[in-house]
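Please prepare a short briefing on the structure shown below. Cover the fold, the salt bridges, the annotated spans, the surface and the pocket.

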Amino acid sequence: MSARGAGDGPATRVDDPVEDYLDQLYARLPADARGARRLLAEAEDHLREATAAGVAEGLPVVEARRRAVDRLGDPRAFTRAAAVSSWHRPSWAAIRDLTWAAARMAGIGLVAIGVSGGVAAAMNAAFGRHFVGGGPAGVAYPTAACAHFLAVHPGAASCAQAAMLENSQDAVSLRLLAGLVGLLVLAVGNAPAMVHRRRGGRPRRSSLPSTLVPAVGATAFGAAGAVLVGLAADDTVVGVSSGAGYYLSGGLVALAVAAAYAISLNRVLPAYGA
């Protein structure tokens, strides 16, 4: 893109409202390359022409640029209007990127479950297996369930103890298995991009807004973490379900993942600032 325009002097980053506006506009443009180039070119042409007209009227260059920007309006409104006027059915690229984003987030969720299994194992070791697998006092298990628990844990003194040992064990083993599945999902999903890069290809720009995935991730994992921590707190006070560690191990990991997504979101938000 040209750094000079009609009526402009040499390009400079010192008080250049036109360049600042185009930078903000670029950050909000759709990832569709052709549409993005067209919208950016139209906006730049309009701003350069308006600047030239202002200079012809006797305005200083900087003031002419500022007036041109003011007349074009907020870049957010500009891109929204352009999106409405040029709306069409989602492209194959958008569908593909959205599908992969959902699969990747699911894979990350499964890996997080696997990590929570490691946290549960640490809680078993640090606080005892009842902290993770314990059930409410006086609970009555079906005869068939008791037979299964006692068969798996023949050293248990009672059905309740066998159930506690089973729950604390499942909280580790089944979650670790889920984590392995998540790693497989991420590996398979990332394989095409890795092959593309090894062949010297350029990284492909996603057709999704850069804020979409981190915003959804921060919200989803944050909500899940809050619910799980709340259940752990409720269990600590009331004792209505498994041991508090059963939920707490998952809640802490979910909140950590939510924090990572929030950090990622914070990194891309400046480009969308007012």
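Along the sequence, the protein chain runs α-α-α-α-α-α-α-α-α-α, with 10 helices and zero strands. Helices (H or I, at least four residues) and strands (E, at least two) are DSSP runs numbered from the N terminus. This is a predicted model, in which local features need pLDDT of at least 70 and side-chain atom pairs count only at pLDDT 80 or more, while totals for chains, interfaces and linings use all residues. Residues are numbered from 1 along each chain as its sequence is written, and side-chain values use heavy atoms, with hydrogens and water left out.

**Burial**

- Of the 274 residues in the protein chain, 33% count as buried.
- Buried means under 20% relative accessible area, exposed means over 50%, and partly exposed lies in between (1.4 Å probe, protein chains only).

**Salt bridges**

- The structure holds six salt bridges, each defined as a side-chain nitrogen of Lys or Arg within 4 Å of a carboxyl oxygen of Asp or Glu.
- One of them pairs R48 with E44, with 3.4 Å between the closest N and O atoms.
- Both R48 and E44 belong to helix α2 (residues 33-56), where they are four residues apart, about one turn of the helix.
- R48 counts as buried because its relative accessibility is 7%, and E44 counts as buried because its value is 8%.
- Another salt bridge joins the side chains of R67 and E57, at 3.0 Å from N to O.
- This pair links distant parts of the chain, with R67 in helix α3 (residues 61-72) and E57 in the loop between α2 and α3, 10 residues apart.
- E57 has a relative accessibility of 56% and so counts as exposed.
- R96 and D97 also form a salt bridge, their closest N and O atoms being 3.5 Å apart.
- R96 counts as partly exposed at 33% relative accessibility, whereas D97 is buried at 5%.
- Salt bridges with shared partners join E19, E44 and R48 into one network.

**Annotated spans**

- An unreviewed UniProt entry carries the annotation "transmembrane region" for residues 105-127, 172-191, 212-232 and 244-263.
- UniProt positions are given in the numbering used here, feature names are shortened, and annotations may be inferred rather than shown by experiment.
- In the model, residues 212-232 are 100% helix and 0% strand, with 30 Å between the end C-alpha atoms.
- Residues 244-263 are likewise 100% helix and 0% strand, and their end C-alpha atoms lie 28 Å apart.

- L177, L180, V181, L183 and V185 make a nonpolar surface patch of about 430 Å².
- L177 is placed in helix α8.
- Patches are made of residues with over 30% relative accessible area and no salt bridge; like charges are joined within 9 Å, and nonpolar side chains (Val, Leu, Ile, Met, Phe, Trp, Tyr) within 5 Å.
- Accessible areas come from the Shrake-Rupley method with a 1.4 Å probe, and for residues only the protein chains shown count as cover.
- A187 lies in helix α8 (residues 159-198) and is partly exposed, with a relative accessible area of 44%.
- A187 and R104 are 83 residues apart along the chain, and 9.7 Å separates their C-alpha atoms.

**Second largest pocket**

- The second largest pocket holds about 200 Å³ of space.
- It is lined by 14 residues, of which I113, S116, L228, G250 and A254 are the closest to its centre.
- Helices α5 (92-127), α9 (212-238) and α10 (244-268) each supply at least two residues of this lining, and α10 gives the most, with five residues.
- On a 1 Å grid over the protein atoms alone, a pocket is an open set of points where a 1.4 Å probe fits, with protein on both sides within 12 Å along at least five of seven lines; lining residues have an atom within 4 Å of a point.
- Grid points are joined across faces, edges and corners, and a volume is the space filled by probe spheres set on the points.

**Other contacts across the sequence**

- L255 lies in helix α10 and is partly exposed at 35% relative accessible area.
- L255 and G225 are 30 residues apart in sequence, with a C-alpha to C-alpha distance of 4.9 Å.
- G73 is in the loop between α3 and α4 (75-85) and is partly exposed, with a relative accessible area of 26%.
- G73 and Y21 are 52 residues apart in sequence and 9.6 Å apart in space, C-alpha to C-alpha.
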